[in-house]
Amino acid sequence: AGEAIQLPVYTRDSNSMDSFGRVAKIGIDPGANEAYFADGYFNRRVAVVDINTGAIKRYWGAYGNKPDDELDLGRYSEGSDPAQQFRGPVHCSEIADDGLVYVCDRQSDRIQIFQKDGTFVSEHFVATKTLSQGSVWDIDFSHDPAQRFIYLTDGQNMKVYIIERKTMEVLTAFGDGGRQPGMFFAPHSIAVDSQGNIYTGETYEGSRVQKFVYKGMGPVPAGAEGEKSQGVLWPSR
């Protein structure tokens, strides 16, 4: 019989200054030469790293609190008091041109906004009835000077939301669950190019990238039960 393999035991440490806990995504601030680690799948924080040295310069948890790995957050439920720590995965940490940092707290169905030093600014909930893996997976910004819009992937509900950044109001959404072009199976990542085209990456059995071509702006009719949704954007050819 072969010898049993002893697997390493990892300990969550959201206050570590020399290690990370399964980083989900990295946002870059080129002006400050800093990287913002969404740390992440195991830890419960944003960690800001010097790009040249890799040293952690500062970090914070939800609301700018010091991360507390011992706190039992329980399961998310709509209407309950918001968790005072990131429930996680801490799935994105993106820096807007005006210096605000947008953090995805996926299973809490929320985006929290901070200043670069970790000072809490505000939080905003999306699709608050969403359980399981949560609604807030990844974001990117439009490329106009004010970065007027946020584009948010929701891998649990198989949608992309378009949000007015100034008010954080959901303006519309598109997509639905499925494998056909224009549908989604767990949209995990999103990027927007300078022409307004949207690129999504799907995880699990989705395993693909889709491109949605920008066609301009106009009113969006209400969907079923008044939902602000465009439904599936079927290919034109």
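**A tour around strand E6**

Begin by selecting Cys 92 and Cys 104: both are buried, where buried means under 20% relative accessible area, exposed means over 50%, and partly exposed lies in between (1.4 Å probe, protein chains only). The model is predicted, so local features need pLDDT of at least 70 and side-chain atom pairs count only at pLDDT 80 or more, while totals for chains, interfaces and linings use all residues. Residues are numbered from 1 along each chain as its sequence is written, and side-chain values use heavy atoms, with hydrogens and water left out.

Display the sulfur atoms next. A disulfide (a pair of cysteine sulfur atoms within 2.5 Å) joins Cys 92 to Cys 104, with an S to S distance of 2.0 Å. Cys 92 belongs to strand E5 and Cys 104 to strand E6, so the pair ties together parts that are twelve residues apart in sequence. The torsion about the S-S bond is about 70°, so this disulfide is right-handed. The structure holds one disulfide.

Now select residues 101-105, which form strand E6. Helices (H or I, at least four residues) and strands (E, at least two) are DSSP runs, numbered from the N terminus. In a regular strand the side chains alternate between the two faces of the sheet. Val 101, Val 103 and Asp 105 lie on one side of E6 and Tyr 102 and Cys 104 on the other, and all are buried. Five of the five residues of E6 are buried, so the strand is largely enclosed by the rest of the structure.

E5 (residues 90-95) pairs with E6 in the antiparallel sense over five bridges, and Val 90 stands opposite Asp 105. In the hairpin of E5 and E6, five residues lie between the strands, and Gly 99 takes a positive phi near 95°. Strand E7 (residues 110-114) also runs antiparallel to E6, joined by five bridges, with Gln 112 of E7 opposite Val 103. Four residues separate E6 and E7 in their hairpin, where Asp 109 in the turn has a positive phi of about 55°.

Finally, select Tyr 102. Leaving aside neighbours within four places in sequence, its contacts (heavy atoms within 4.5 Å) include Cys 92, Ile 111, Ile 139, Ile 150 and Met 168. Tyr 102 is among the residues with the most contacts inside the largest nonpolar core, which has 16 residues; such a core is a set of buried Ala, Val, Leu, Ile, Met, Phe, Trp, Tyr and Cys residues joined through side-chain atoms within 4.5 Å.

Terms used. Pairing = 2+ DSSP bridges.
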